[in-house]
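Hi everyone, thanks for making time for this. Have a look at it first, and then we'll walk through it together.

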Amino acid sequence: MNQAISKHTHEHEHHHDTFKLLGFWIFLVTDCIIFACLFAVYAVLRGHTDGDLTGKELFEIKGFTAETFILLTSSFTSGLATLALHKGKKAQLINWLIVTVVLGLAFVGLEVSEFRTMVHEGASISTNGFLSAFFTLVGTHGLHVSFGLIWMTAVILQIRRHGINEKVKEKVTIVGLYWHFLDVVWIFIYTVVYLMGVM
Amino acid sequence: MGEKSKGFFVTGDPLIYGADVAIIVTLLGIIIFLTVFKKWGWLWKEWFTTVDHKRIGIMYLVSSLLMLFRGGVDALLMRLQLAAPNTHFLTSQHYNEIFTTHGTIMILFMAMPFMFALFNIVIPLQIGARDVAYPFLNALSFWLFFFGALLFNLSFVVGGSPDAGWLSYPPLSEIAGSPGPGQNFYIWGIQISGIGSLATGINFLVTILKMRAPGMKLMKMPLFSWSVLSSCITIIFAFPVLTVTLALLFVDRYLGAHIFTADSGNPMMYVNLIWMWGHPEVYIVVLPAFGIYSEIVSTFSKKKIFGYKSMVFSMMIISILGYFTWVHHFFTMGAGADVNTFFAITTMAIGIPTGVKIFNWLFTMFRGRITISQPMLWTIAFIPCFVVGGATGVMLAIAPADYQYHNSYFLIAHFHQTLIGGVVFGYLAGLYYWWPKMFGFKLNERLGKWAFWTWNIGFYVCFMPQYALGFMGMTRRVYTYGWDMGWAPFNMVSTVGAFLMGIGFIFQAWQILYSIKNGEKDVTGDPWNGRTLEWSIPSPAPLYNFAVIPEVKHDDDWWETKKAMADSQYKKEPPQYEPIHMPKQSGIPFIMSACWFVVGFGFTFGWSYVGLAGLLGVGLCLLARSFQQETDYYIPVDEVRKTEASLGRVG
């Protein structure tokens, strides 16, 4: 009887884990819709440049290519962190997460400097419809990445404090999922905004 | 905005001074009451920090009834203004504000929380669960709604109300058309509560998918649970669009962007986006009402629901088709014949599954042993009302004809008929039906019948003349009209009807107060001879709902169990209690939502530092939660046994 009880409670807790992951997947669906709307807005307003500078003149290939490589690499390193998690290697896990955070910071830094250059060139969010859509779409992604950085740092601190347990495992998995999702969104931004912009 | 945008406090109107006084008196009254009776600790411990779905449901219910009152007063003020030609009861500005807040409050701060109240109170009990999938998030959802609604309502006395219609179309809602904070109140109030709604959608979808009692296959699930499932799916796909749309409008207003402006942006894009949320939204609120009717019809006809599978399929079809009808709100935009045709056909097609449901309810009643109880009264009243509302909807769906009906009182009558006849009647039916489960007593029958008849007669007297007014050329949102239009008699009749509905509401308030003292106690936990699991446990349900999670074998499982229990051969096995795993309460949802309120308030007035400080608070709350380790506990077996014994269940 006692055995049956402990098996039952164990199962119960196990269920709770999968709940969070499922919920987070559904949250990602909603976030996907948010980005889909922003992409649609961008597609509608792409041509609304009012005779000002267009994407072709504003976007710097070097800058956004570097951003892309850095973010893709960070996705890879967050994958390596997950591998370390499954092997139960705490130090490795923390290190790969730190590398991911540093790459993420570099990405955000590059994006901020890109935005600053554009504003200096007289292309700000209030200039025209095209730039309003550009800044909101790319900026929303940038805000997501910045939020992810704080989140991941919090998870790193928790791993250091508690080591690898069920809760931490779940947290690392979820923040990793979020990070990969942002990477996928960026690939679309890279294609739809930057590549199609400079072509 | 006129004279209203000059100062921080809204001034210059005796009605508003009256409201100021009323608000201050009420607040002082509450504070004095809580202090004198030493209830602050109780309020914080039992309610503000609770993560119990039943309590959260009750808080949703109280808030939504308050909002029904506020929205109802708005409606009566409008009807007074329109009762006779050339009235100067309200100024045009004040009228604009009132129709804006009436619509926004009724949909977002009355219908939505009323719906969430029923989700919270019923769903875990009906599927045999002890709580929702994410109890903490559930509390957060409620407090976000609460502070969003508070922020929105504050606009009445501080800063000025929004006045650009309940969906705030640009360019009117842009900074050039609506300077001042009114529109920002609209954006932030809805945004904050909208995040909560989205979270609730995710929460209940996962709850239903993952936490049903063992044996309850999806196709054995009660129809109310199915309706919540379909409504949640719709929330998940529709609410993000609202979030984006409002955020973009705010970016336009706050940072001077040109997304929806008429010069470099695209205002029609706003109309498209907001209705991509707005149309599914009406299905979000009506689907659960359909679920409620199904439960009630079946219970009070003492029959299994007719056509269970077709009910499920119709609801799922409605939730999908609901995404493909949004353009019918603006056929006159001129999108072209092909686009209009597509949306006209999808709109008419949605009438098919709805019709199927109507027939199913009728066939369930056919040859049933019907008891005319209060929930059943509202359900029976709903059917003809909704049929007329649906038929006028199909008329509106005919795109070329819509050029005539567009923005006329015909449309106003139509959507009030579906939203009141469909949604409000449904939620009220649900309220009467599950009230004993929430509070352990029934609502008084006699007062309830008075409420029912005044509401119903009032409804027809109010809205039938409006169909005619629409045909006579009266457009929505006009604040007055001349004698020469010939609209006076119908408007007067309509106003009388509106006040009858107001009297109905007073009867209901009276009924609730009366029944708290004198209501018939529900000692069995099953006052209606119900069919589903929520009636198998005591009323009100204990903290953990089910002492032992039931094994489900049939559809209408509790009904079958009762039949088996009536058999003399039936032997009840003694229950095997186990420690029950429960979530701990937490003050973080309240504090985090209060921080969101600061964010909204700061950005509403353009005080960026206040807004950013609020965001910092939100971030700190998130981190505090993330670092929390012990978030749940176990109720020991002894306590479960004691509680069950005290509730009269043999332990």
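Let's begin with a helix pair in chain B. Ile588(B), Ile591(B), Met592(B), Cys595(B), Trp596(B), Val598(B), Val599(B), Gly602(B) and Phe603(B) sit on the α18(B) side of a contact. On the α19(B) side, the partners include Val610(B), Leu612(B), Leu615(B), Val618(B), Cys621(B), Leu622(B) and Arg625(B). By type, the residues of this contact are 15 nonpolar, five polar and one charged. Before I go on, please keep in mind that this is a predicted model.

Now, how do those two helices lie against each other? In general, a packed pair is described by the angle between the axes and the distance between them. Here α18, residues 588–604 of chain B, and α19, residues 608–627 of chain B, pack at an angle of about 160 degrees, and their axes are 7 Å apart. Since angles over 145 degrees count as roughly antiparallel, α18(B) and α19(B) are therefore roughly antiparallel to each other. The crossing of α18(B) past α19(B) is left-handed.

Compare that with another pair in chain B. The axes of α8(B) and helix α12, residues 374–397 of chain B, come within 9 Å and cross at roughly 125 degrees. That angle makes α8(B) oblique to α12(B). Here too, α8(B) passes α12(B) in a left-handed crossing. From α8(B), the contact uses Val286(B), Phe290(B), Tyr293(B), Ile296(B), Val297(B), Phe300(B) and Ser301(B). From α12(B) come Pro375(B), Met376(B), Trp378(B), Thr379(B), Phe382(B) and Phe386(B). Of the residues in this contact, 11 are nonpolar, two are polar and none is charged.

Which residues have the most contacts inside the largest nonpolar core? They are Phe59(A), Phe134(A), Trp277(B), Trp361(B) and Tyr427(B), in a core of 240 residues. The largest share of this core, 19 residues, is contributed by helix α8 of chain B, which runs over residues 267–301. There is also a second, separate core of 13 residues, with Met78(B), Ile412(B), Tyr481(B) and Trp487(B) among them.

Let's zoom in on Tyr427(B) for a moment. Leaving out residues up to four places away in sequence, Tyr427(B) touches Ala111(B), Phe114(B), Met115(B), Leu118(B), Val285(B), Ala289(B) and Ile292(B).

Next, chain A. It has six helices and zero strands, and its C-alpha trace spans about 80 × 30 × 25 Å along the principal axes. Of its 199 residues, 46% count as buried. Among the contacts in chain A between residues at least 6 apart in sequence, 83% join residues at least 24 apart.

Back to chain B, and to some loops. Is Lys442(B) buried or exposed? Lys442(B) lies in the loop between α14 and α15 of chain B, and with 18% relative accessibility it counts as buried, because the cut-off for buried is under 20%. Its neighbours, not counting residues up to four places away in sequence, are Trp435(B), Pro436(B), Ser515(B), Gly519(B), Glu520(B), Pro527(B) and Trp528(B). Take Pro527(B): Lys442(B) and Pro527(B) are 85 residues apart in sequence, and 8.3 Å apart in space from C-alpha to C-alpha.

At 0% relative accessibility, Thr325(B) counts as buried. Beyond residues up to four places away in sequence, Thr325(B) touches His279(B), Phe343(B), Thr346(B), Thr347(B) and Ile350(B).

Finally, some backbone details. Most residues other than glycine have a negative phi, and most peptide bonds are trans. Where do we find cis bonds here? One joins Pro170(B) and Pro171(B), with omega about 5 degrees, and Pro171(B) is in the loop between α5 and α6 of chain B. Another runs from Ser539(B) to Pro540(B), with omega near -15 degrees, and Pro540(B) is in the loop between α16 and α17 of chain B.

As for phi, Arg477(B) has a positive value of about 65 degrees, although it is not a glycine. Arg477(B) sits in the loop between α15 and α16 of chain B and is partly exposed, at 34% relative accessible area. Asn529(B), also not a glycine, has a positive phi of about 60 degrees. Asn529(B) belongs to the loop between α16 and α17 of chain B, and is partly exposed at 32%.

Note on methods:
Residues numbered from 1 in each chain as written. Chains lettered and ligands numbered in written order. Predicted model: local features only at pLDDT ≥ 70, side-chain atom pairs only at ≥ 80, totals over all residues. Heavy atoms only, no water. Axes fitted to C-alpha atoms, helices over the stretch in contact; angles between N-to-C directions. Helix = DSSP H or I, 4+ residues; strand = E, 2+ residues; numbered from the N terminus. Parallel < 35°, antiparallel > 145°, perpendicular 65-115°, else oblique. Left-handed = near helix turned anticlockwise from the far one by under 90°. Contact = heavy atoms within 4.5 Å. Nonpolar A, V, L, I, M, F, W, Y, C, P; charged D, E, K, R; others polar. Core = buried A, V, L, I, M, F, W, Y, C linked by side-chain atoms within 4.5 Å. Buried < 20%, exposed > 50% of the residue type's maximum accessible area, 1.4 Å probe, protein only.
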